Amino acid sequence: MTTAISISGLVKSYGATRALDGLDLTVDTGEVHGFLGPNGAGKTTTIRVLMGLLKADAGQVELLGGDPWRDAVALHRRLAYVPGDVTLWPTLSGGEVIDLLGRLRNGIDPKRRAELVDRFKLDPRKKGRAYSKGNRQKVALVAAFASDVELLIMDEPTSGLDPLMEAEFRECVDEERRRGRTILLSSHILSEVEQTCDRVTIIRDGRTVETGSLAELRHLTRTSVQAEVEQPPAGLGRIDGVHNVRVNGGRVDFEVDTEQVGPAVRYLTSLGLRSLTSQPPTLEELFMRHYEGSGQAPAAAGAEAGR
Amino acid sequence: MKETTGTGTLLRLALRLDRIRATVWVLALSIFTVASSASNFDVYGTPQQRAELAASVETSPALLALGGRAFDLTTVGGVTAYQMVAFTTTLIGLMSILLVVRHTRAEEESGRVELVGSAVVGRHAWLASSLLLAVGVNLAIALLVALGLIGIGLPVTGSLAFAAGCAACGIIFALIAGVAAQLTESARAATGIASAVLGLSYLLRAAGDAATATADNALSVLTWLSPIGWAELLRPYTDESWWVLLLFAAAGVALYAVMSVLAARRDIGAGVLPPRLGAPAASPALRSSTALAWRLQRGTLIGWALGFIVVGAAFGGVAQGMVTVAGQNPDVADLIRDFGGAGSNVDNFIAAIASLMGIVIGAYAVQATLRLRGEEAEHRLDMLLSTAVERLRWVGGHVTVAVLGTAVVLTAAGLAAGLAHGLRSGDVGGEVPRVLGATLAQAPAVWVLVGVCVLLFGLAPRYSIVGWGVLFVVLVIGQFGKILQLDQWVLNLSPFTHVPDLPAADFTATPLLVLVLVGAALTAVGMAGVHRRDIA
C-alpha cells in the first residue's frame, strides 16, 4: 500500500457552521506531509475525523487502509497522535503519561524514550498540572516519537516550544523520515513546513486549495530582487513576469515570477549590474495569495498594519 | 498599577460567565428555603402540633443532630429555624466554595489568569472580583429569603436574622475557599480543603446541637466552633442575638487577612504548599484505560470512605439512645417511623440513617461518574481515545469505579455504624451484619444515579451537570418528602423510596432487582449514545 491517508470530499458541519466543505487530502506512505492553513481553516477538525473522534457527514476517508471511525481501535495501534493543545492529567507525572500512552499503542521503546526525554530536556517526574504548555507538548511528542508506530499525526506540534526545542523537533522528524515512517504535520507556521515537509496541502475555509511538492508550489510565487545598476532600468517593467517595480536612482526593487528570473537578470546585467540580492519565494507569500482569494484577510491585515 | 486594578472588569466577566449558574443557585436555594418554611404553616400550624414536635425533638439527640438547634418550637418561626437554618446555610456554604474556587484557582490552573494578567490587571484583582461576586450572590439569596419569609407571614425581625445568617455564613465559606485556593495548585484540592472545613462545621454543630438534649450538655459548646452553628445561634425568631454577627465579622476579617498574606507571597499558578513530584515512569499496572480510571479516582474514593467511617460511627453511636427517648415519647417514634419503617424504634432509626447516608453517598456516585464529562471537556480524552482504547471500554472503566466505589463507601458506613451501635448495645456480632445490610441495600438506588449520569453523558454531554440537579431532587424528596406530605407518585420518583427499610422491614429482593435493571438500562442507553456521538 502506498497511500497512508486518503480523504476526498470530506464534509463536517457543527450545527449551521460548515467546518469542512469537500476537503481532499492524500498522504503517501513514507512522506512527511505538511497540512497548512490559517487558524480556523479546518485542520484540527480534519485530524479529529482521522482519529475517529468525529464522524464525517459526507465524503470518503481512508486511514492506513481502514475506516477511521469503524476500525478506530485497530488503526490506533499503528499510529500516534499529538494534539494541538495537550492537556495532561493533573495528578499523573509526565513519565507516567508517556509510558501509559506507549502501552496503549503498540508498545514503547525504552531506549528511545530515555534518549528523547534527555534531548527534549523534560523532567518526567513533574505532575501534569506543574508543566508549562511547552512541556506538556514535549510529553506528547516524546510519547509519540518513542512509540512503535508507522504513522504520526501531529496538530501544530511546535506551538509552545522554544527555538532550540523546535530544532530538536525537526531533527526528530528527519530521523522518523529515515526510518520510513509517515508523518502528517499540521501547521500555520510556514517556515516549519518548508524545513521539514516533502509535500504540502494547503486548505482554507474547509477546502483544499493547493497540494503538491514544495518545488511544484514555488512556481506560484515570485522571487523578490533588489539590485543596483549603473543606468536607470526603464525597460524592466516591460519584461514578462516582472511586477511591482520601484526605482530609486540606481536602486531597484521588484518581484519576478520564478520562471522569468533569467530574462530579468540578463536585462539588469546589460545595464551594468553592481549588486544583486534575491530572496527565494517563501510559503508566506504563497499563503498570502490564497488569502487574497477570500477577499477579507489581506485587506483587513493591510489596513491594520497601515494604522 | 494598583494591586486591584481591573477588579470591576473581571467582576463583569465573572458575572457574564456565571449568569445562568449563579441565577439557578440563587433561585433554587431561596425558593426551596421559603417553600419549605411555608409548609410549616400546614404541618405545624396549631399549637398542639408544635407541642407534639417539641416533645419529640427536644429530647432526641438524633433529631437535633439531623435538624438543628431548637430554641423555641412553640412558634412556626421557631420550627422553621430548627428545620432550615443548618440545612440552608450548609448548601449556601457549598455554593460559595464552588463559586470562589471556580473563579480563582480553577481559572489559574487553566492558564487563563496568566492570559488576562498580561493585560492591565492587578495581581489581586481575580481574588477581589471573585469574592465580590460571592458576596453579591449571597446578598441576593439573603434578600430573596428575607422577602420570602416575611411574605409568607413570618415575623420580620426573625426573618432578617435568618437571612443575615445565610449571607454571613456564605461569605465566611467564600473566604475559606479563598484561603484554600492560595494553598494548593489544584482546584480539586482547593475545593476538597474548603469542603472538608464545611463538613467539619456541619458535624461540630450536629454534635453540639445533639448535646442539648442531654442533661449534661457541656458538649453543646461545640456549636460555637462552627459558622453554621453561629447562624443557628443568631436565634432567628427567638430573642435574636444580633451580636453573633460580630463573630462572623471577626472571622471574616481574620480570614481575609490570612488570604491576603498568602496571596502576596506566592507566584501566579503556584500554591503556598509545594507541589510534589511524581514517579519518573509508570508502574507496570498502569496499562489500560480502566487502570487509569482507578488511578484518577482512587484518592476521591479513599476520602469518601474515610469520611463515612466517621459519619457512620457517629450515627451508629447515637442509635441506642433512641430506645430510651422513643420509649418515653410516642411522638418521636412516629416521626422516626416517617423516615424509617414499621419496626422497633432503633431499627427505624437505623433504616432512616441508612437511607440518608445512601443519598449523600449518591453525591460520590455522581462525582465519580461525571469524571467522564470532565475528561472530555478538558480535552484529555482526545489523546486517550487516539490510542487503542475502545470508547465503551473507557466509559466502562469509570462506571466500574463508580459502581464498586459506591459499594465500598456504603460498606465503610455500614461497618462503622454497625460496630458503633453494636458496642453500645452489647451485640457486635448481631448488629454489624444487620446495619451493614441496611446500608448495602441502598447500593442499587445509588447505581440508578450512576445510570442517570451515564445517560446524560451519552445523549446530552453538555448537560451532564444536570446529574447534580437530579441528586438534589432526590435529596429533597428523601429529607422532606414525607414531612411535606408530597404525593406518593412524587416520592416514587426517587430510587431511594423503593429500597426496603432494612432492618425495620423485611428484606424483599424484587425492588432492588428492578433498581439494578433500571440503572443498567440507563447506563446501556447512555453508552450507546457515547458510541455514536462526536467527542467534543
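## Overall layout of chain A

The model is predicted, and local features are described where pLDDT is at least 70. Chain A has 307 residues, of which 43% are buried. It contains 11 helices and 13 strands. Among the contacts in chain A with a separation of 6 or more, 70% are between residues 24 or more positions apart.

Chain A is divided into two parts: domain 1 covers 3-217 and domain 2 covers 222-280. Taken over C-alpha atoms, the centres of domain 1 of chain A and domain 2 of chain A are separated by 42 Å.

## The six-stranded sheet

An open sheet of 6 strands in chain A has the order 5-6-7-3-8-9, with mixed pairing. Strand 5 (79-82) and strand 9 (207-213) of chain A each have a single partner strand, so one side of each has no neighbour in the sheet. From one strand to the next, the twist averages 15 degrees.

Strand 5 of chain A pairs with strand 6 of chain A in the parallel sense, over 4 bridges. In this pairing A:Y81 stands opposite A:I153 in strand 6 of chain A. The residues of strand 5 of chain A point to two sides: A:L79 and A:Y81 go one way, A:A80 and A:V82 go the other way, and all are buried.

Strand 6 (residues 151-155) of chain A also pairs in the parallel sense with strand 7 (residues 182-187) of chain A, and 5 bridges join the two. Here A:L151 stands opposite A:T182 in strand 7 of chain A. Helix 1 (residues 43-50) of chain A lies across strand 3 (32-36), strand 6, strand 7 and strand 8 (199-204) of chain A. The helix runs at about 145 degrees to strand 6 of chain A.

## A:H33 in strand 3

A:H33 belongs to strand 3 of chain A. Is A:H33 buried or exposed? A residue counts as buried if 20 or more other C-beta atoms lie within 10 Å of its own. A:H33 has 22 other C-beta atoms within 10 Å, and is therefore buried.

Leaving aside neighbours within four places in sequence, A:H33 is in contact with A:V27, A:I183, A:L184, A:L185, A:C197, A:D198, A:R199 and A:T201. A:T17 is 16 residues from A:H33 in sequence, and the two are 27 Å apart in space, C-alpha to C-alpha.

## The four-stranded sheet

Another open sheet in chain A is formed by 4 strands in the order 11-12-10-13, and its pairing is antiparallel. The edge strands are strand 11 (242-248) and strand 13 (273-279) of chain A, each of which pairs on one side only. The twist averages 15 degrees from one strand to the next.

Strand 10 (residues 222-229) and strand 12 (residues 251-257) of chain A run antiparallel and are joined by 7 bridges. A:R222 stands opposite A:D257 in strand 12 of chain A. Helix 9 (residues 261-270) of chain A lies across strand 10, strand 11, strand 12 and strand 13 of chain A. Relative to strand 10 of chain A, this helix runs at about 5 degrees.

## Nonpolar cores

The largest nonpolar core has 235 residues, and the members that touch the most others are A:V142, B:A177 and B:A194. Helix 9 (residues 156-183) of chain B contributes the largest share of this core, with 18 residues. What does A:V142 touch? Not counting residues up to four places away in sequence, A:V142 touches A:I98, A:R113, A:L116, A:V117, A:F120 and A:L122.

Another core lies apart from the largest one and has 9 residues. Among them are A:A227, A:L236, A:V242 and A:A264.

## Where chain A touches chain B

How many residues of chain A are in contact with chain B? There are 32 residues of chain A in contact with 27 residues of chain B. Helix 2 (72-76) and helix 3 (94-104) of chain A each supply at least two residues of the side of chain A that touches chain B. Helix 3 of chain A gives the most to this side, with 7 residues.

By type, the residues of the side of chain A that touches chain B divide into 16 nonpolar, 5 polar and 11 charged.

Terms used
Residues numbered from 1 in each chain as written. Chains lettered and ligands numbered in written order. Predicted model: local features only at pLDDT ≥ 70, side-chain atom pairs only at ≥ 80, totals over all residues. Pairing = 2+ DSSP bridges. Axes fitted to C-alpha atoms, helices over the stretch in contact; angles between N-to-C directions. Contact = placed C-beta atoms within 7 Å. Domains from an automatic or database assignment. Buried ≥ 20, exposed ≤ 12 C-beta atoms within 10 Å, placed from the backbone. Core = buried A, V, L, I, M, F, W, Y, C linked by C-beta atoms within 7 Å. Nonpolar A, V, L, I, M, F, W, Y, C, P; charged D, E, K, R; others polar.
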